[in-house]
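Hi,

Here is the structure I promised to pass on. Have a look at it first, and my notes follow below.

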Amino acid sequence: MTPADQQTARQSPLLARLGPPVQDKLLDGAVVLTAETGQTLFLQDDPAAAVFILLDGWVKLYRVAPSGAEAVVSVMTRGRSFGEAVALKGGIYPVSAEAITPARLLRLDGVRLRHLLESDATLATSMLAATYVHLQQLVEQVEHLKARSGVQRVAEFLLDLAAGDGACTVALPYNKTLIAGRLGMKPESLSRAFARLRQHGVRIEAAVAHIDDIEALRELAAEDPAKPWLR
């Protein structure tokens, strides 16, 4: 594990609330894994044997309905952890996990974590905090799906990728089909949203978004979606 890996893991929601001695105890024996694009990390209903912290790349969490349709639950990037709640109770994974870019992950053994949890109340509090972060993100995701137009959801997605103010260019981190799934849209709806964003200074060229004015895009994302021109 490199010093950069150590820093990423220690700053993750899973470990950030813990003191260095407890962090050291948790990271002792952790294994760094590499995954290629499209590689499955675990499947829905597999025994939850480990907790993962993403060191680099992107991973999607998804469920498959009895009809075979795939629902994207979340897309994870550097510093995010997943699998805590079920691994700590020895349950099964409620979702599948797949690398959508080349990725590096830190694997923490679930059995070892459960033993540490039984002997350290501080660690238990940290795990609860990490689980709360995931719950909060899911609540925000539902709110965006219910209270934001498709154009606004795409605008917020681009804002999350952008840095600073003024004009900027951002690379789309994964394909447009997955972006649509993450935002609760059909691919054709995403294409229409990209087209409508042109009038707000956003141009999509292949896997790159050119944004003329970050502040104007923020204002669009914050607009009342009940306005007729956003419907």
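Predicted model: local features only at pLDDT ≥ 70, side-chain atom pairs only at ≥ 80, totals over all residues.

A definition before anything else: two strands pair if DSSP finds at least two bridges between them.

Residues are numbered from 1 along each chain as its sequence is written, and side-chain values use heavy atoms, with hydrogens and water left out.

**Overall picture**

The chain has nine helices and eleven strands. Of its 231 residues, 43% are buried (under 20% relative accessible area; exposed is over 50% and partly exposed lies in between, with a 1.4 Å probe and protein chains only). Taking contacts (heavy atoms within 4.5 Å) with a separation of 6 or more, 72% are between residues 24 or more positions apart.

**The sheets**

Start with the three-stranded one. This open sheet has the order β9-β11-β10, and its pairing is antiparallel. β9 (168-171) and β10 (202-205) are the edge strands with a single partner each, so one side of each has no neighbour in the sheet. From one strand to the next, the twist averages 20°. (Axes here are lines fitted to C-alpha atoms, for helices over the stretch in contact, and angles run from 0 to 180 degrees between N-to-C directions.) Four bridges hold the antiparallel pair of β9 and β11 (residues 208-211). Thr 169 has His 210 in β11 as its bridge partner.

The other open sheet has four strands in the order β2-β7-β4-β5, again with antiparallel pairing. β2 (40-42) and β5 are at its edges, each with a single partner strand, so one side of each is without a neighbour in the sheet. Neighbouring strands in this sheet are turned by 30° against each other on average, direction ignored. β2 runs antiparallel to β7 (residues 96-99), and two bridges join them. Phe 42 is opposite Ala 97 in β7.

Tyr 62 sits opposite Val 72 in β5. The hairpin of β4 and β5 has five residues between the strands, and Gly 68 takes a positive phi near 95° there.

**A helix pair**

How do helices α6 and α8 cross? The axes of α6 (residues 150-161) and α8 (residues 187-197) come within 9 Å and cross at roughly 75°. The two are therefore roughly perpendicular to each other (65 to 115 degrees; under 35 counts as roughly parallel, over 145 as roughly antiparallel and the rest as oblique). From α6, the contact uses Gly 150, Val 151, Val 154 and Leu 158, and from α8 it uses Leu 190, Ala 193, Phe 194, Arg 196 and Leu 197. These residues divide into seven nonpolar, one polar and one charged.

**Salt bridges**

Side chains of opposite charge can pair when their charged atoms come close. A search of the whole structure finds nine salt bridges, each being a side-chain nitrogen of Lys or Arg within 4 Å of a carboxyl oxygen of Asp or Glu.

- Arg 10 bridges to Asp 24, with the closest N and O atoms 2.6 Å apart. This pair links distant parts of the chain, from Arg 10 in α1 (residues 3-10) to Asp 24 in α2 (residues 20-27), 14 residues apart. Arg 10 is partly exposed at 24% relative accessibility, and Asp 24 is partly exposed at 40%.
- Asp 109 and Arg 107 meet at 4.0 Å, N to O. Asp 109 is partly exposed at 35%, as is Arg 107 at 27%.
- Arg 203 pairs with Asp 212, the closest N and O atoms being 3.0 Å apart. Arg 203 is partly exposed at 36%, and so is Asp 212 at 43%. Elsewhere, salt bridges that share partners join Asp 5, Asp 56, Arg 78 and Arg 104 into one network.

Cheers

Technical notes: Nonpolar A, V, L, I, M, F, W, Y, C, P; charged D, E, K, R; others polar.
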